[in-house]
Structure formats: structure tokens, C-alpha cells
Amino acid sequence: MAEIKIVVTGPVGVGKTTFIKAISQIPVVETEERSTVDIGKPTTTVALDFGAVNLGDVRIRLFGTPGQERFSFMWEDLMRGATGYVFLVDSSDPSSLPKAKRMLQFYMSRYDVPFIVGATKQDLDGAWPPDFIAAYFGLPEWAVIGLVATDEGSVREFLIRFLELMKQKGGKVWIG
Amino acid sequence: MDRLESLLHDLVSRSPEIKGAVLVTLDGFPIAYAPAHLTDVERQAAVIASLASLAARSTKMVSMGEPEEILITAQDGRMFVYHVEDIAALGVLTVKDITAGLILLKIRQMLPELMRELKDMINVGGGGI
């Protein structure tokens with residue numbers, strides 16, 4: 001069985017930990033701590049999340065990053081040896097997108113591996129559709145996929161699509 | 001200088017082997033540190049919080065309970081990290097050649113006092129840190 005490492009990243013509050021918990025077939029290693037400032041949720045990841053799932057003949061090891069910039073040293077550590085990364089953004093909060101775009105540009109400039117953008121919270125009213133987000137990020141439409149991170153089926157479909165794209169494109173997912 | 005900083009200052013100033021001490025929230029913000037000229041405190045705070053959290057996950061995973069003390073020995077020094085109950089973490093930086101027992105004793109003696117001050121701070125500030 002092929003084994004790959006996929007990093008799950010994106011700004012704070014987009015659902016990275018939720019994404020991994022929804023799909024992992026092993027108990028997830030979490031490093032959630034109570035947040036002392038208002039970030040829109042009670043806890044925050046301070047080191048990493050880890051989970052794993054078998055999809056077809058591929059075992060995916062999922063490493064989630066902290067979203068907050070002061071933990072950006074972990075981004076670098078976790079990206080070491082990654083086959084690719086999933087960049088999650090909050091579709092229901094367009095005001096978070098400029099910051100997300102800057103973070104994505106940071107990743108794109110640093111890591112020459114395939115990635116896919118996951119537009120989370122598609123179940124919420126007013127969520128931007130994935131093609132709007134693709135246009136905002138200047139990415140081809142196929143590089144942004146909508147999902148609901150709390151829903152195992154949605155996360156599974158998303159990861160299967162990412163694996164397909166990696167096979168088809170064989171390299172840089174962001175080049176249309 | 002507030003009471004927490006003064007406790008850290010006392011620890012550092014009484015032991016030449018101790019180069020610095022940083023008390024941080026578990027989500028990685030500095031609360032207090034010594035000496036005053038210690039640099040890069042914000043980044044140190046984030047790293048100390050990550051270390052404390054990872055250590056807790058590591059020991060719980062193998063049914064060892066909560067970590068009491070983390071020691072990292074590097075080429076040019078040592079770093080100790082302590083959980084201050086479930087409120088904060090304390091990072092202490094020392095030179096490499098230390099009389100470990102003595103240093104540990106000094107740190108451990110200070111921890112209950114640090115804990116009391118932190119709790120007072122939370123009570124006064126209504127859960128503020």
C-alpha cells in the first residue's frame with residue numbers, strides 16, 4: 001500500500017482539526033488548548049493534529065497545522081516530506097479571505113508540491129461557492145472544492161478528488 | 001515589576017546558570033519573563049506552548065499521566081519546560097554545565113508560588129489570562 005503525507009493547513013477557525021477528526025480511522029492526536037483571546041472558538045491547535053485514513057490502495061497520513069501565525073514555525077516542520085497539502089478556507093466568512101490568500105501565497109512560494117483548496121462550511125447560509133473563491137485566489141476552478149468538514153462523506157470525497165487530481169496532473173495542482 | 005516577573009527575576013538573578021525564564025499561556029502568549037533584556041520572547045512563548053502540549057500528548061498516549069518536567073539538552077544549553085497546572089507553562093533556559101539538582105530544586109521551589117500568583121491574577125482579572 002502506498003503511503004503519503006498530506007498536510008492540512010489554513011487560517012484559524014476553518015475546520016482543520018474537524019476535517020482530520022471526521023475522516024481519521026485512528027484516534028486523532030490533538031494539541032488543542034484553551035484560547036486566551038477571542039478567535040471565534042474556545043480552543044486552538046498549538047502544535048499539530050495527526051490522523052490517518054486508508055482510501056483505496058493509499059494510506060494517507062494527515063498532519064494538521066496550527067492556524068495562528070505565531071505557530072508558523074510548525075508549518076515548516078510539518079511540511080517536511082509532505083506529498084501535498086490541503087489548504088482550507090472558511091467559505092462562510094468572506095472577510096477572512098484576504099488573510100487566507102496571503103497565507104496561501106506564503107505556502108505556494110515555499111512548497112513546490114501539489115495542493116488543493118477546500119472551501120469549508122458549504123452548509124452555512126451565504127457561503128461563497130468554490131468558483132467564487134477560485135476567482136478570488138486567481139486559481140483554476142478545479143483547484144477549489146467545496147466541502148463540509150464535519151461530514152465524513154464530504155471529507156472523503158474531497159480527499160479522493162485530490163488524489164485523482166494528483167494522479168492526473170502529476171505535479172502542480174494550481175496550474176490550470 | 002509585577003509579582004510574577006519579580007518571581008522569575010529572583011530565580012534568574014540568584015542562579016548564574018539560568019539565562020532566562022518565560023511564563024506563557026498554554027495557547028502561546030508570554031505572561032511574564034526575566035531578565036528584562038531577554039529577546040525574541042513572543043516566538044519563545046509559542047514554542048514553549050507547543051512543547052508543553054506535545055509532551056502532554058506524548059505521556060498521556062503511553063499512559064504515563066501528565067508530564068511534570070521536560071528537559072531538552074542542546075549543544076549550547078538546556079531548556080526545561082514545566083506545566084504550571086493547567087493554566088500556563090514555564091520555560092527555563094540554562095547553560096549546559098549546570099548542577100542539575102540544585103537548579104531543579106530552585107525551580108520546583110518557585111512553582112507553587114508562581115501558581116498562587118497566577119490564580120490570584122485570574123481571580124482579580126475575572127479569568128483574564
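Helices, as the term is used in these legends, are DSSP runs of H or I with at least four residues, numbered from the N terminus. By that numbering, α1(A) gives the most to the lining of the second largest pocket, with four residues. The views below are all taken from a predicted model.

**View 1. The second largest pocket and the residues around its centre.** This pocket holds about 260 Å³ of space, and its lining is made up of 19 residues, among which Thr17(A), Thr18(A), Glu32(A), Lys41(A) and Thr43(A) lie nearest the centre. Two elements of chain A, α1 (16-23) and β3 (43-45), each give two or more residues to this lining. Sorted by class, the lining of the second largest pocket comprises nine polar, six charged and four nonpolar residues.

**View 2. The largest pocket and the residues around its centre.** The volume of the largest pocket is about 390 Å³. Its lining consists of 17 residues, and those closest to the centre are Pro11(A), Gly67(A), Glu69(A), Lys99(A) and Met103(A). Two or more residues of the lining come from each of α2 (72-79) and α3 (97-110) of chain A, and of the elements it is α3(A) that gives the most, with four residues. The lining of the largest pocket divides by class into seven nonpolar, six charged and four polar residues.

**View 3. The interface of chain A and chain B.** Here 17 residues of chain A are in contact with 14 residues of chain B, and the area buried between the two chains is about 1,300 Å², with carbon and sulfur atoms giving 60% of that area. Glu33(A), Thr36(A) and Arg70(A) together supply 39% of the area that chain A buries against chain B, which is more than any other three residues supply.

**View 4. Polar and charged pairs across the interface, with the chain A side that takes part.** One salt bridge is found across the interface of chain A and chain B; it joins Arg70(A) to Asp27(B), whose closest N and O atoms are 3.9 Å apart. Six residue pairs in polar contact, both residues at pLDDT 80 or more, are also found across this interface. On the side of chain A that touches chain B, the elements giving two or more residues are β2 (32-34) and α2 of chain A, and β2(A) gives the most, with three residues. That side of chain A divides by class into eight nonpolar, five charged and four polar residues.

Terms used
Residues numbered from 1 in each chain as written. Chains lettered and ligands numbered in written order. Predicted model: local features only at pLDDT ≥ 70, side-chain atom pairs only at ≥ 80, totals over all residues. Heavy atoms only, no water. 1 Å grid on protein atoms, 1.4 Å probe; cavity = no way out; pocket = protein on both sides within 12 Å on 5 of 7 lines; lining within 4 Å. Points joined across faces, edges and corners; volume = space filled by probe spheres on them. Nonpolar A, V, L, I, M, F, W, Y, C, P; charged D, E, K, R; others polar. Contact = heavy atoms within 4.5 Å. Buried area = accessible area lost by both parts, 1.4 Å probe. Salt bridge = Lys/Arg side-chain N within 4 Å of Asp/Glu carboxyl O. Polar contact = N/O pair within 3.5 Å; in protein donor to acceptor, adjacent residues only side chain to side chain.
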